[in-house]
Structure formats: structure tokens, C-alpha cells
Amino acid sequence: MPHVMPSHPAPLKAPPGAPPPGAERGGRWRRTVRRFAVVVALAAGAALTGPGLAGAAPAGPVAGGERASAALERVASFGANPGGLTMYVYRPAALPANAPAVVALHGCTQSAQVYSDNSGLNTFADRHGFLVVYAETTTANNANTCFNWFQPGDTRRGGGEAASIRQMVAHAATAYGVDTGRVQITGLSAGGAMTSAMLAAYPDVFAAGAVVAGIPYGCGTDVVSAFGCMSPGVDRTPAAWAQAVRDAHPGFAGPWPRVAIWHGDQDTTVAPRNADELRDQWTAVHGLGRTPDRTSTIGPDDTRRSEYLAADGRSVVEVDRVPGIGHGTPVDPGSSAEQCGATGTRHFIDSICSSHWIVRFFGLDGTTAPEPPVDPPTEPAACWTANNYEHVRAGRGTTAGGGGQVYAKGSGQLLGLYNTFVTHTLRESPAGHYVLADGSCP
């Protein structure tokens, strides 16, 4: 996946110039096996990166109005760094005392600078006065500069990349006066999956997070399982997903982070069903059901928003399904209050300024009361006609019942064999609940 790429195996995290493990002894067979592992990882990266996403954005001005190459400050030393990451910050000229902070995690083949230049986060940092901490990984960690979201050594509390990101937050508190009670995190794809990991491993550090085109915590544990997580996705019960989060920090009693989930409904890299599984994971963590309490459409493209509310009326889980886009960060270049970002690389997609809504979800724009729904409380039904293979891949169907059969997600209605020859129309209402609607959808 362009931003969720299976990495080099962990032993390849050696310093530049060091011989690969096993080179000094072990014979031809050991060297052959390890070379094969590298080839698999690199092939995975090539398959997932795709054409047109070759790394950094072009030098100079980027498309769509976001300023080019915003001044990022590299932090030479921020403390313990077991994951070998680099820390950058974007500090507004008028950063107030005890300011909030947003940690931002780029996608594969990207960099902190690319994410800074295109995501639009800096626009709102200037406007609302918060620090942005950009974490950056390297090819020494991962062939395609992806965060290692599926490597247990990098996603558990106290180790690897996760520990490095947590140390960045601690440094931001001491060096920039950040309010540790108002730290949030967001990321795209591999960065989104790593956001899931940080929210699970460090729920005491992050007040909220936004996962963009990402994957539930605890899904992948190696290269092979990572592919299945990406597409067609993994269907588990809400209780099983929630337990994975609780196991990441045993004994933590809350409050749990609030979570916003963003996903394009035409994503062919990370199947849209991952948005449903993320919803199942975090609503279960918060003790909520899967039926939204409030639904609406937002933005110029009528993104479908579903909100799950705590007893005090706050939205603690939110799912935003962006119509008509594939894999990437939704942006909306322009200068109006709800616009942001640039399309300087392929995976920043002109649709809706997700950063505006994410910053609002984080409570960093001065909004104090929950927003009223834009639409009536009942979300209009959406209809989908596709073969059973595509229904499963998009998260509308599941094979959890076994026997090579497909069942409608939510209703459990039998759709027939898991293949490309059986076609049905499904109606979705409420969000994430599908029923057979052959001949009855407009």
C-alpha cells in the first residue's frame, strides 16, 4: 500500500554500512534465505507503492495554494530513540504557553516535509496556535520509509518506533511548553496504522487521534499478515478488536482517546472495510454500539460522517467516508476557512480538507459544543451493486461464516459464493449495516 508497506525484516535495522546479519558466518543457505526475505520485502514495497509516488514532492511551489516547504525545525536530540526516527516541529510564530500539540505521521515514500507541505496542518497550527510534531522514519528502518505498523517490536509500549514517538511528545513538553493533556496524533496509511498503534500503546499520552486510510491495531504482525489486513481486510468481533487495544496497556482504566476515522470509499489499496473494523475496535473500547448516534454530510463533496457519542454528548468515535476517492489524504486547496492543503504528490487528493475537520474533532479550533448535524438524524441509504468478491473487499460483505460463502455485513444475510460471478445490490443503513436490496434500490 502506498503508505502501509511491509518492511525489511527487523534484523535489517543495522547502521548504514554495517554488514547484514549472518554475512560473517552461516554458509550459503543462511545467506540465501535472508536475501530472499529482503527480496520479498522490496517486492512488497514496489507492489504497494505504485506508479507516481516516488518519494518527496517536487522542489519549489506545490499545487493548490499551500505554502511550499514550510519551515520545519529539526530537533537534533530529543532523548531516547530506540526506533531510529527523526523529529521535526512546525512552530507558529505566536505559539502560546501551554499550547496543544499534534503529532503527524507521514505515509510510505513520503517525508515529514512532504506531509507538512501538503496536508494543511500548518495552516491550522498558525490559525489556532498549536505545535505540530512531525515524526520521520528512514530507509534504514524500512525500504520505502514506512512506519513499521505491523512489527511488534515497533508498536508495543516502551519499544522501537512507538517509544521514539512517545519520547518526542515528552521533549515537546519540556522544550516547547506543550500541554501534555492536549496532545493528539494523526497519520496517513502506514502513518495511520501507526496512529492506531500509538493510541493503543499510549492511551495515557494522547487525548485523541485521527486515522486516515489506516488499519486497526493488532491486525498485522508480519509481512504476510499485513497484506491481508490491507486487502481484503480482516473481520473480527468488536470484542476481539477491543481486547487487542486493552492488551497493549494492561491495567489502563481510561479515559480512552477519542478517535476519528477517515477513509476514501474507492480505496483499492487499503480496503474500506478497515474503516468499519476501526469503528468496531474503538466503539467497543468506549463501550458503545455500532449504530451511530448522529449522522450528517460535511464538506463540498458530501463526506458521510457518523458519530458515536459518550453519555455527556461528546463524539468519542467518528467515521468519515469520503466519496469518490482512492487511497490518500483528502485535501481541498484554497484560502477559505474550510479549505487547506495541496496536491503536490499523488496521495493528497482534492476533495475535502480533512485537516480542518480533524482539528475540529481534536477541539483545537475553539469549538466547545458538539456540532448539530448538517443533515436530518437519519442517514440516507446508500446502494451498492457489485459481485461478491468486491463486496467483501469493500467491507460490505464477510466470509466469517465459512464454507466459501459471503454474508452481508451487519445483517448477516447470505449472498452466495465468494467469487466474481455472483452479483447483488446491498443497501447500507445505518452506516456499516448492509441488507440485500436487489431490485429495490434506485
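User: Why does Tyr389 count as partly exposed?

Analyst: In this predicted model, Tyr389 has a relative accessibility of 35%. Buried means under 20% and exposed means over 50%, with partly exposed in between, so Tyr389 falls in the middle class at 35%.

User: What makes Tyr418 partly exposed?

Analyst: Tyr418 has a relative accessibility of 35%, so Tyr418 counts as partly exposed.

User: How many aromatic pairs does a search of the whole structure find?

Analyst: The search finds five aromatic pairs. One of them joins Phe252 and Trp256. Another is formed by Tyr389 and Tyr418.

User: What makes the pair of Phe252 and Trp256 edge-to-face?

Analyst: A pair of aromatic rings is described by the distance of the centres and the angle of the planes. For Phe252 and Trp256 the centres are 4.9 Å apart and the planes are at 80°. Centres within 6.5 Å make a pair, and planes over 60 degrees apart count as edge-to-face, so 80° puts Phe252 and Trp256 in that class.

User: Are Phe252 and Trp256 buried or exposed?

Analyst: Both Phe252 and Trp256 are buried.

User: Why is the pair of Tyr389 and Tyr418 called stacked?

Analyst: The ring centres of Tyr389 and Tyr418 lie 6.0 Å apart, with the planes at 20°. Planes under 30 degrees apart count as stacked, so the pair of Tyr389 and Tyr418 is stacked.

User: Which parts does the pair of Tyr389 and Tyr418 tie together?

Analyst: Tyr389 belongs to helix α11 (residues 388–393), and Tyr418 to the loop between β16 (414–417) and β17 (423–428), so the pair ties together parts that are 29 residues apart in sequence.

User: What makes Arg258 a charge over the ring of Phe361?

Analyst: The charged end of Arg258 is 4.0 Å from the centre of the Phe361 ring and sits over that ring. The distance cut-off is 6 Å, and the charge must also be within 35 degrees of the ring normal.

User: How do you know that the span of helix α9 agrees with its number of residues?

Analyst: Helix α9 (residues 273–285) has 13 residues, which at 1.5 Å a residue should span 18 Å. The end C-alpha atoms of α9 are 19 Å apart, which agrees.

User: Why is α9 described as largely enclosed by the rest of the structure?

Analyst: Of the 13 residues of α9, 13 are buried, so α9 is largely enclosed by the rest of the structure. Gly287 follows α9 and has a positive phi, near 75°.

User: What makes α2 mostly covered?

Analyst: Seven of the eight residues of α2 are buried. The buried ones are Ala112, Val114, Tyr115, Ser116, Asp117, Asn118 and Ser119. Just after α2, Gly120 has a positive phi of about 90°.

User: How many cavities of 30 Å³ or more are found, and what lines the largest cavity?

Analyst: A search of the whole structure finds three such cavities. The largest cavity holds about 140 Å³ of space. It has 13 lining residues, and the closest to its centre are Asp265, Pro272, Arg321, Ala394 and Tyr434. The elements that give two or more residues to this lining are β7 (258–264) and α9. By class, the lining has five nonpolar, two polar and six charged residues.

User: Which element gives the most to the lining of the second largest cavity?

Analyst: α10 gives the most, with three residues. The second largest cavity has a volume of about 50 Å³. Its lining includes Tyr115, Ser119, Ser354, Ser355 and Ile358. By class, this lining has four nonpolar, five polar and no charged residues.

Technical notes
Residues numbered from 1 in each chain as written. Predicted model: local features only at pLDDT ≥ 70, side-chain atom pairs only at ≥ 80, totals over all residues. Heavy atoms only, no water. Helix = DSSP H or I, 4+ residues; strand = E, 2+ residues; numbered from the N terminus. Expected span 1.5 Å × (residues − 1). Buried < 20%, exposed > 50% of the residue type's maximum accessible area, 1.4 Å probe, protein only. 1 Å grid on protein atoms, 1.4 Å probe; cavity = no way out; pocket = protein on both sides within 12 Å on 5 of 7 lines; lining within 4 Å. Points joined across faces, edges and corners; volume = space filled by probe spheres on them. Nonpolar A, V, L, I, M, F, W, Y, C, P; charged D, E, K, R; others polar.
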